[in-house]
Amino acid sequence: MPPVPADPGPPPGVPGLGGPTGHGPTGHGPTAGRPGRPAAGGPADLAEGPAREAGRLSGPLFRDEQPETPPPGVTETVVLRAISDDSAPAPGHGIPPYPGAPVHPAPPPSHPAAGQPHFVPSSHPGQETPVAAQPDPQPQPRKQRGGRNLQAAIGVGVGLGAVIVASLFVVKALFLVVVMAAVAVGVWELTSRLAERKEIKAPLVPLVAGGIAMVATGYWSGIQWAAASLALTGLAVMVWRMAEPPENYLRDITAGVFTAFYVPFLATFVALMLAADDGPQRIVLFLIVTICSDTGAYAVGYKFGRTKLAPTISPGKTREGLAGGIGLSMLAGALLMQLIIDDGSWWQGLILGGCAAVTATLGDLGESMIKRDLGIKDMGTLLPGHGGIMDRLDSLLPTAPVVWLLLAAFVGS
């Protein structure tokens, strides 16, 4: 006659069911129901090892023994108690894995023990898969736009403004000292970056000495003497470099002459504006229209910028920002030209402000090209939140000769 399958026993949840291994302490587990089977724990139960081994499971919650093939004609049904958060036993009421095992309270389902795996539902009914506990994600700190420290940048800007105003309106010659110091530091930053990144050795000593001479002669003697100082500085660079081996001589003196023109000679036009009777007012006009160009370009570009101005040079600049910088600079030029410049007119201020905004933008792009060629972000670290001195002079230097020339044309020098 055909074999009779084992009685599956009472449904899950009925008292007397076996633990996760399928062997209940009362003998009414899934292996009960065979004719002549005694209660669990008796001698007959120990005798039928192969039949009991067939009902064991392996895995993270069970023993690791591999199940054996049951004898022919014998089938067993193993009923597992579902393991889930909803059916987790209350503390102190867990089901022992085998008869006589101590009962340990299970940790709360929403708070697994530290360092222990938790379980997620599996595709097999009545089983769950252990998963390593994942730490709670930490909130990422917010980065400021452009990577700048805004508070430090504002503090340094206010400090520089205070120094400029105090030197301008107390003793005019003090502002000349500020210009000379800025020129010397700017020359040092530029030559240092050239040596670090390109191994270009532009002579520092003749460049600093010649730069100071250009600013001083421009203030006290005029543009002719400043131009003569530039020529003499170029000759000094050529002679000074002769003390080194001839390799790369032409490259080094070319970089030296460029540095002499780019930093101190362009800064000399600030000294020329200062030399006028209303020199402090002209310096204020020059500084404010340049700052308004940068501020207007940043504000409008940040809010409405869509079309890139020069993506390969400065990806942050947009045409909309340029228009905003020109507009704000023209407005500031019209107001200041009418209010603080003797014999000045508002329409002259419009022209001056528009030209200053264009040259300030070109100067910023020019230094961006230099920094991209050198592979650096800033020329220095002297000014927290701003970079180096040259990172603040980039738009001022090419704007100075334009403002000086227009003021000389409109109201005289």
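Which hand does the crossing of α4 and α7 have, left or right? In this predicted model, the crossing of α4 and α7 is right-handed.

**Overall picture**
- Of the 413 residues in the protein, 35% are buried.
- The exposed surface comes to about 23,400 Å², with carbon and sulfur atoms supplying 66% of that area.
- Taking contacts between residues at least 6 apart in sequence, 62% link residues that are at least 24 apart.

**Helices α4 and α7**
- Helix α4 covers residues 173-198 and helix α7 covers residues 249-274; their axes come within 10 Å and cross at roughly 160°.
- Angles over 145 degrees count as roughly antiparallel, and α4 and α7 are therefore roughly antiparallel to each other.
- On the α4 side, the residues that meet α7 are F175, L176, V179, V183, G186, V187, L190, T191, L194 and K198.
- Their partners in α7 are R251, A255, F258, T259, Y262, V263, P264, A267, V270, A271 and L274.

**Helices α7 and α12**
- Helix α7 also packs with helix α12 (residues 396-411), at an angle of about 35° and with the axes 8 Å apart.
- The crossing of α7 and α12 is left-handed.
- From α7, the contact uses Y262, V263, L266, A267, F269, V270, L272 and M273.
- From α12, L397, P398, A400, P401, V403, W404 and L407 take part in this contact.

**A glycine to look at: G211**
- G211 sits in helix α5, which spans residues 204-221.
- Is G211 buried or exposed? Its relative accessibility is 0%, so G211 counts as buried, the cut-off being under 20%.
- Setting aside neighbours within four places in sequence, G211 is in contact with V183 and P264.
- The C-alpha atoms of G211 and L230 are 7.8 Å apart in space, while the two residues are 19 apart in sequence.

**Two loop residues with positive phi**
- Most residues other than glycine have a negative phi.
- N248 is not a glycine, yet has a positive phi of about 60°.
- N248 lies in the loop between α6 (223-241) and α7, and is partly exposed, with a relative accessible area of 43%.
- D343 is another residue other than glycine with a positive phi, here near 65°.
- Where is D343 found? D343 belongs to the loop between α9 (319-339) and α10 (346-374).
- With a relative accessible area of 72%, D343 is exposed.

**Cysteines**
- How many disulfides does the structure hold? The structure holds zero disulfides.
- C292 counts as buried because its relative accessibility is 16%, under the 20% cut-off.
- C355 is partly exposed, with a relative accessible area of 30%.

Technical notes:
Residues numbered from 1 in each chain as written. Predicted model: local features only at pLDDT ≥ 70, side-chain atom pairs only at ≥ 80, totals over all residues. Heavy atoms only, no water. Disulfide = S-S within 2.5 Å. Buried < 20%, exposed > 50% of the residue type's maximum accessible area, 1.4 Å probe, protein only. Contact = heavy atoms within 4.5 Å. Areas by Shrake-Rupley, 256 points an atom, 1.4 Å probe, with all protein chains shown as cover. Axes fitted to C-alpha atoms, helices over the stretch in contact; angles between N-to-C directions. Helix = DSSP H or I, 4+ residues; strand = E, 2+ residues; numbered from the N terminus. Parallel < 35°, antiparallel > 145°, perpendicular 65-115°, else oblique. Left-handed = near helix turned anticlockwise from the far one by under 90°.
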